[in-house]
Amino acid sequence: MAKWRIQNVRMAGVSACVPENVVKTEDIDLMSPEEAEVFNNTVGIKKRHIAPDTVCASDMCQKAAEKLIEELGWDKGSIDVLIFESVTGDYKTPPTSCLLQDRLGLPDTTFCLDMPMGCCGCLYAITVGGNLISSGNVKRALLLIGDTALRMGSLKDKSRVPLFGDCGTAIALEFDESAPEIVVDFHTLGKGYEALMTPHGGFRNPATPESFVEEDFGNGIVRAPIHTLINGMNVFSFAISKPPKSVEQFLEAEGIDRNEDVDYFLIHQANKMIVDRVVKKLKLPLDKVPYNLEEYGNLGGASIPSLMVTRLRDQLKSSPQRLIMSSFGLGLSWATMSATFGPMVIPEIQTI
């Protein structure tokens with residue numbers, strides 16, 4: 001069973017950075033005004049922050065990290081681990097974490113790691129970084145989580161274009177013997193991988209001229225094999241079945257009362273229909289489930305840390321908060337985490 005109990009690890013802070021450029025759903029050429037209105041009311045994503053082609057996920061993560069390190073007052077020489085979680089790294093090689101080690105001015109003793117885990121990325125990064133710290137060999141870890149997912153797909157694909165926003169986040173973890181236990185449970189359904197994938201451009205199907213030939217699939221979906229695709233019905237069925245069941249089992253196994261023991265449930269902001277269905281299935285108190293997808297869209301792995309910055313900043317800055325986090329996406333993979341975080345440093349959201 002992929003379940004961890006992580007001891008002696010504190011989240012010291014979290015920060016986020018988004019592009020200044022904002023795109024509203026009604027301004028998307030692919031959609032009629034009537035379609036945009038229906039989309040706003042059902043999917044719930046009304047606008048997103050979209051980066052220009054000159055800005056990468058690493059740039060947003062770097063700005064978020066620099067601000068967080070500054071407000072924490074950390075000596076950069078004290079940072080032992082740097083994890084970059086993204087499916088939109090700067091290059092195929094080298095690892096973007098290595099580039100960020102240099103750009104952030106971290107010591108050459110820093111352990112660097114790239115993780116391309118998509119929407120589950122935050123919980124993966126906390127688990128890996130937390131376990132490294134819990135082992136007692138390192139004291140501080142910087143987790144950089146972000147994507148520019150929109151540009152992975154076709155700009156003529158109405159099933160993707162209105163969904164994804166761009167964001168970079170930074171999480172600071174450090175050793176603390178008094179920190180409450182972090183518990184996390186992971187699951188993987190590899191046979192469902194085709195629901196979210198980029199068919200060409202890797203080494204199974206290298207890019208060829210045919211990779212860029214667009215095909216019209218109807219219903220406003222035009223894409224080529226080089227573009228990332230979403231099988232909407234498969235993803236929806238997965239998201240409203242596997243993750244809620246795992247959360248339910250997790251709460252029962254850990255003896256957690258959803259009404260009395262939890263301050264907030266942070267659910268990956270895929271879209272309003274999915275989050276609403278998860279909330280309904282789990283019978284969660286609505287006042288304990290923050291949303292920010294209406295303003296930022298689906299931010300992939302940055303979804304959960306962005307919720308902390310944009311919706312729970314005051315609460316997490318001032319006092320400990322018991323959080324249950326649920327994320328799901330590429331792989332297919334999904335995870336549930338219980339943690340008590342705060343008080344911590346949370347700078348105001350940065351723009352680039």
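Visitor: Which residues line the second largest pocket?

Guide: Please keep in mind that this is a predicted model. The lining of the second largest pocket consists of Val-23, Asp-27, Ile-28, Asp-29, Leu-30, Arg-48, Ile-50, Leu-150, Leu-155 and Val-161. The volume of this pocket is about 210 Å³.

Visitor: How many residues of that lining are nonpolar, polar and charged?

Guide: The lining of the second largest pocket has seven nonpolar and three charged residues, and no polar ones.

Visitor: What makes a space a cavity, and how many cavities of 30 Å³ or more are there?

Guide: A cavity is a space where a 1.4 Å probe fits but cannot get out. The count comes to one cavity of 30 Å³ or more. The largest cavity has a volume of about 30 Å³.

Visitor: Which residues line the largest cavity?

Guide: Its lining is formed by Val-247, Phe-265, Ile-267, Leu-282, Leu-284, Ile-324 and Ser-326. Strands β14 and β15 (321–329) each contribute at least two residues to this lining. By class, the lining of the largest cavity holds six nonpolar residues, one polar residue and no charged residue.

Visitor: Why are β1 and β14 called edge strands?

Guide: The open sheet in question has five strands in the order β1-β9-β16-β15-β14, and its pairing is mixed. The strands β1 (3–6) and β14 (264–267) each pair on one side only, and they are the edge strands. On average, neighbouring strands of this sheet are turned by 15° against each other, direction ignored.

Visitor: How do you know that β1 and strand β9 pair?

Guide: Two strands pair if there are at least two bridges between them. Four bridges join β1 to β9 (residues 182–188), and therefore the two count as paired. These strands run antiparallel, and Arg-5 stands opposite Val-183 in β9.

Visitor: Why is strand β7 described as largely enclosed by the rest of the structure?

Guide: A residue is buried if its relative accessible area is under 20%. Seven of the eight residues of β7 (residues 140–147) are buried, and so the strand is largely enclosed by the rest of the structure.

Visitor: Which strands pair with β7, and in what sense?

Guide: Strand β5 (residues 81–85) pairs with β7 in the parallel sense over five bridges, with Glu-85 opposite Ile-145 in β7. Strand β8 (residues 167–175) pairs with β7 in the antiparallel sense over eight bridges, and here Leu-143 stands opposite Ile-171 in β8.

Visitor: What makes helix α9 largely enclosed?

Guide: Eight of the nine residues of α9 (residues 303–311) are buried, so the helix is largely enclosed by the rest of the structure. The buried residues are Ser-303, Ile-304, Pro-305, Ser-306, Leu-307, Met-308, Val-309 and Thr-310.

Visitor: How do you know that Cys-98 is in no disulfide?

Guide: A disulfide is a covalent bond between the sulfur atoms of two cysteines. The cut-off for such a pair is 2.5 Å, and the count comes to zero disulfides. For Cys-98, the nearest cysteine sulfur is that of Cys-112, 5.0 Å away, and therefore Cys-98 is in no disulfide.

Methods. Residues numbered from 1 in each chain as written. Predicted model: local features only at pLDDT ≥ 70, side-chain atom pairs only at ≥ 80, totals over all residues. Heavy atoms only, no water. Buried < 20%, exposed > 50% of the residue type's maximum accessible area, 1.4 Å probe, protein only. Axes fitted to C-alpha atoms, helices over the stretch in contact; angles between N-to-C directions. 1 Å grid on protein atoms, 1.4 Å probe; cavity = no way out; pocket = protein on both sides within 12 Å on 5 of 7 lines; lining within 4 Å. Points joined across faces, edges and corners; volume = space filled by probe spheres on them. Nonpolar A, V, L, I, M, F, W, Y, C, P; charged D, E, K, R; others polar.
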